[in-house]
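Student: Hi! Could you walk me through this one?

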Amino acid sequence: QVQLVESGGGSVQVGGSLKLTCVASGVASKLYAVSWYRQTPGGQRIQVARMDRSGRTEYLDSVKGRFTVSKDSARPMVYLKMSSLNLEDTAVYFCSLDGSSWGGSTYWGRGTQVTVTS
């Protein structure tokens, strides 16, 4: 059974930093592109960061230079380091493993809340 579990969310003041972690089990995570998404109440789930299987990254324009996606080379873990957080970063953050490029499935975690306060 595939399971993705996010952690590291919480409440932080404007300008602060957080590091989210996603632990994957039941799947060979290195075969997948990894993405972080976020969603606000009533809003769409949008991709904020992605790393493909070759290690290339892409970011939502509003988080470029502030967020960094990375993978653990030895363990099935994915990270999202977030700095210079602002109020607009408040959302539930989800990690995803995407196998669509080779016909595989896409898996989602249940999310972790990030709240930025003034």
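Student: What share of the contacts with a separation of 6 or more comes from residues 24 or more positions apart?
Tutor: In the protein chain, such residues account for 54% of those contacts. Keep in mind that this is a predicted model.

Student: And how many helices and strands are there?
Tutor: The protein chain has 0 helices and 11 strands. Along the sequence, the pattern reads β-β-β-β-β-β-β-β-β-β-β.

Student: What about the radius of gyration, what would a compact globule have?
Tutor: For 118 residues, a compact globule would come out near 13 Å, and the protein chain has 14 Å, which agrees. Along the principal axes, the C-alpha atoms fill a box of roughly 40 × 25 × 25 Å.

Student: How much of the chain is buried?
Tutor: Buried residues are 40% of the 118. The accessible surface is about 6400 Å², and carbon and sulfur atoms contribute 48% of that.

Student: Switching to cysteines: how many disulfides does a search of the whole structure find?
Tutor: The search turns up 1 disulfide. Cys-22 and Cys-95 form it, with their sulfur atoms 1.9 Å apart. The pair connects distant parts of the chain, as Cys-22 lies in strand S3 (residues 18–25) and Cys-95 in strand S9 (residues 91–98), 73 residues apart.

Student: Are those two cysteines buried or exposed?
Tutor: Both Cys-22 and Cys-95 are buried.

Student: And which handedness does the link have?
Tutor: The link of Cys-22 and Cys-95 is right-handed, with 45° about the S-S bond.

Student: You mentioned S3. What is the strand order in the open sheet of 4 strands?
Tutor: The order is S1-S3-S8-S7, and the pairing is antiparallel. Strands S1 (3–7) and S7 (67–71) are at the edges with a single partner strand each, so one side of each has no neighbour in the sheet. On average, neighbouring strands of this sheet are turned by 15° against each other, direction ignored.

Student: Over how many bridges do S1 and S3 pair?
Tutor: S1 and S3 pair over 5 bridges, in the antiparallel sense. Val-5 stands opposite Val-23 in S3.

Student: One more, about backbone angles. What is phi of Ser-84?
Tutor: Phi of Ser-84 is near 50°, a positive value in a residue other than glycine. Ser-84 sits in the loop between strand S8 (77–82) and S9.

Student: And what is the relative accessible area of Ser-84?
Tutor: Ser-84 has 41%, so this residue counts as partly exposed.

Conventions: Residues are numbered from 1 along each chain as its sequence is written. This is a predicted model: local features need pLDDT of at least 70, side-chain atom pairs count only at pLDDT 80 or more; totals for chains, interfaces and linings use all residues. Side-chain values use heavy atoms; hydrogens and water are left out. A disulfide is a pair of cysteine sulfur atoms within 2.5 Å. Helices (H or I, at least four residues) and strands (E, at least two) are DSSP runs, numbered from the N terminus. Buried means under 20% relative accessible area, exposed over 50%, partly exposed in between (1.4 Å probe, protein chains only). Two strands pair if DSSP finds at least two bridges between them. Axes are lines fitted to C-alpha atoms, for helices over the stretch in contact, and angles run from 0 to 180 degrees between N-to-C directions. The radius of gyration is taken over C-alpha atoms; the globule rule is 2.2 Å times the number of residues to the power 0.38. Contact means heavy atoms within 4.5 Å. Accessible areas come from the Shrake-Rupley method with a 1.4 Å probe; for residues, only the protein chains shown count as cover.
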